Amino acid sequence: MIPELGQLALTFALALSLLLAVVPLYGSFVANQRALLLAKPLAVGMFLLSAFAMACLMDAFLNSDFTVINVASNSSTTLPWYFKMTASFGSHEGSMLLWVTMLTLWTALVATFSKSLPLLMQGRILGVLGIICLGFIAFSLFMSNPFARSLPFYPVEGRDLNPLLQDFGMIVHPPMLYLGYVGFAVSFAFAIAALIGGKFDSTWARWARPWTLAAWMFLTMGIMLGSWWAYNELGWGGWWFWDPVENASFMPWLVGTALLHSLAVTEKRGTFKSWTVLLAIATFSLSLMGAFLVRSGVLVSVHSFATDPSRGLYLLVFFLLVVGGSLFLYALRMHAVRSQARYKLFSREVLLWGNNVFLLTATLVVFLGTMYPLFHKELGLGSISIGEPFFNQMFFYLAIPFSLLLGMGPWVRWKQQTLPPLLKPLTLVLLAALTLALGYLTLTQQLAANLALLGMLLGAWVGMSAIGEVWQRMQQLGGVSAGFGRLQASHWGMTIAHIGFAVLVIGVAMTKTLSIETDVRMKIGDTAALGGYEFKLLDVYELKGANYGGQAAEIAVTEQGAPIAQLHAEKRFYPIQKTVMTEAAVHARLSRDLFVALGEEMPGPSWSVRVYVKPFVRWIWLGGLLMALGGLIALLDKRYRRRSEPSATPEQQQEPVNA
Amino acid sequence: MRKLLFFIPFALFIGLSMFLFSGLFSDPRQHGSALVERQLPQFQLPDLMQPNKLLTADELKGEPYFLNVWGTWCPTCNAELAFLTQLRQQGVRIVGLYYVQPLDAAFGERFDLPALQQDVQQKLAGQGDPYQFNLLDQHRTLIFDLGVSGAPETFLVDADGVIRAHHVGDINPQNWPPLAEAYQKLVRK
């Protein structure tokens, strides 16, 4: 009966979303205060009902209720309880319900934390969110119902969860990613509400900033966790594959990053107005397009959910209405708006404009690389595929000027900046970066004119510049100890996120250039040497897990005779899904990963073993983590929690302001 | 003028959605390989049963034929053998392109031609032999050039060595008619 309760709750949520999509918007046009006031309870109610539906689905999974088709196809009695829970969003239907829950959660949060906004704006924003919720709840309920039953003939055992998804990363990756994806619906709703109202002063940007920041932070975490999961679970030591579905999450991230920076300009300087609105629309549109691409089967990918043209058609029509409608509204409203702010060529405005140009070029590269096969096919030119080299090369060219610019950005003032005062600090930063990069590579005897050197230099430049800038700022605020506290949280956030980017660049460059690997056939007692480490196969034994069998290997790692670690690698066989999975053994240090994957058993008996030494690979995720942390810290800034009506107080000229 | 500028995002979006729409309804199986309407790639491959005899793309010209990629290890290929044999009896020319699965020398797997020949002979004796002869593509060079994604796949090649159609999956009485029509057209020419 519990699945029926879930279904009922979802149906009520649909009804509430329909009301939310109509009533407050209607109220905003006829200035009916009671209709506007209804928005908040509707939004909160919708969230509670959706969350209840999600809980019902989880309950069905936990109790292995195989009369529910979704449970029977994606779970089994042998699954441990925590994977039963995550299996509830491992399938298309379940993940759609999770998506809906997240979306209604954001809507309820906006309703709760928007007391300082004028009622009219609240009504419009929640109304727009209501339209989006309506679309997705209806999709979940009518096109991919997670509660559908298979009565009276139901299986006694489920088909089990795809073993790829039986991993800790899978517990946290989808909720984070979806929180990010649908979080951009909020900045989208703010932009549309501003378009409907036709008022584009800097206030909408100030309201939209914390929400954009929060969504961006979750998306950063989600993407980073996905990459980490792929590295651990796929067993080939890769961390990013330029797979269409990865790209679908990466595009909103890139545009969302551009949006964050552009919002800063709009808020502080009242310019870039039409551009920021367009970015807000684009970010959410790319999230929607990602959802369409993943769930329609237009692009084939390892991540794709089962394809079904009617689902794809629904999502496409919804996508057309929402994005087409908002872009049409944009075209009608935005041309009348002009920015008055003036700035010189060398100013923070122009550098942030450069940031936007590079981020959007990167988005275009990913977009074309992802969609070109589709265009090519539909133009009747046959099937082709675009691989890693294209993306890697393009990002290589984009990362260099982007990093150079990023190292300069925080130093430069709004409106105009003269060069002389910057010469000394930037020369110091440059010298520090050169010393650090060349010094490290010389000491580890890896100095060569290659990508690693370039990445180290760029990373050190960005990182040193961020640290130096904060240092200088603290000096200005009365010394390090006093300035530490006085510096705004959002400034700290920016600095940490920029350092995160530097760490990421170093990680990518070092891993790409200096990773080494070998495939060996080993008997028990054999030793393989790689990169100064010796890997000795101690033992291989049979494995018996809850829902899998297989083999496990114990490998001792030594460096010049000194023991480093004992690694435990597994090769699992999942009988229900008939899949073999590699659980790689990883010994992680900040400077390098030792990665061992156990392969097939050969006559002998011996085993094929794949060994990698990956320098600095941790830095890639550390960088992502720092960026997300930067977002979190910026979110804690006091001015986002100001209770009073923001437009009532004149904007304080807060130099330094952050971007 | 400035007004129109702001319609650019909308126009670009409409263009994109047209592609997405048509992509939604196109069947990947119907989109042939990039090689359709182009010359069969050059090759020089031995006949599976007479390895001393080398065949080239030019030697196959003169009469349209189906180039069928298959292997004894592939159950779907085995399933279509009977129907293909019927077609051969009706006079359809079919050339086999034998797909040798990758072997890993490091793990002691060796290419064993006599064993393979025996295996193929047994299979064809039991299920029917539709092939004029079989090309042995031991290193999968031609298979790679043709962009074969799996077996069975079949290419219709005309008398001048131009690929005219590409079919992914088995050929059976249900999906045969359009291929038959294309083939007859080429024969009549």
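In the predicted model, A:Arg473 and A:Glu469 form a salt bridge through their side chains, with an N to O distance of 2.8 Å. Both residues belong to helix 16 of chain A, which spans residues 451–476. They lie four residues apart there, so about one helical turn separates them. A:Arg473 and A:Glu469 are both buried.

A salt bridge also joins the side chains of A:Arg572 and A:Glu570. The N to O distance is 2.7 Å. A:Arg572 has 14% relative accessibility and therefore counts as buried. A:Glu570, at 10%, counts as buried because the cut-off is under 20%.

Chain B provides a further case. The side chains of B:Lys61 and B:Asp58 meet in a salt bridge at 3.2 Å, N to O. The setting is partly exposed on both sides of this pair. B:Lys61 has a relative accessibility of 33%, and B:Asp58 has one of 44%.

Over all chains, the structure holds 13 salt bridges. Side chains of opposite charge can pair when their charged atoms come close.

The interface between the chains was examined next. In chain A, 36 residues are in contact with 22 residues of chain B. The area buried between chain A and chain B is about 2700 Å². Carbon and sulfur atoms give 79% of this area. On the side of chain A, A:His335, A:Lys377 and A:Glu378 lose the most area to chain B. Together they account for 19% of what that side buries.

Salt bridges between chain A and chain B number zero. Three elements of chain A each give two or more residues to the side that touches chain B. These are helix 11 (273–296), helix 12 (309–334) and helix 13 (348–378). Helix 12 of chain A gives the most, with 14 residues. By class, the side of chain A that touches chain B has 24 nonpolar residues, eight polar residues and four charged residues.

Key
Residues are numbered from 1 along each chain as its sequence is written. Chains are lettered from A and ligands numbered from 1 in the order in which they are written. This is a predicted model: local features need pLDDT of at least 70, side-chain atom pairs count only at pLDDT 80 or more; totals for chains, interfaces and linings use all residues. Side-chain values use heavy atoms; hydrogens and water are left out. A salt bridge is a side-chain nitrogen of Lys or Arg within 4 Å of a carboxyl oxygen of Asp or Glu. Buried means under 20% relative accessible area, exposed over 50%, partly exposed in between (1.4 Å probe, protein chains only). Contact means heavy atoms within 4.5 Å. Buried area is the accessible area (1.4 Å probe) that two parts lose on being put together, summed over both. Ala, Val, Leu, Ile, Met, Phe, Trp, Tyr, Cys and Pro count as nonpolar, Asp, Glu, Lys and Arg as charged, and the others, Gly among them, as polar.
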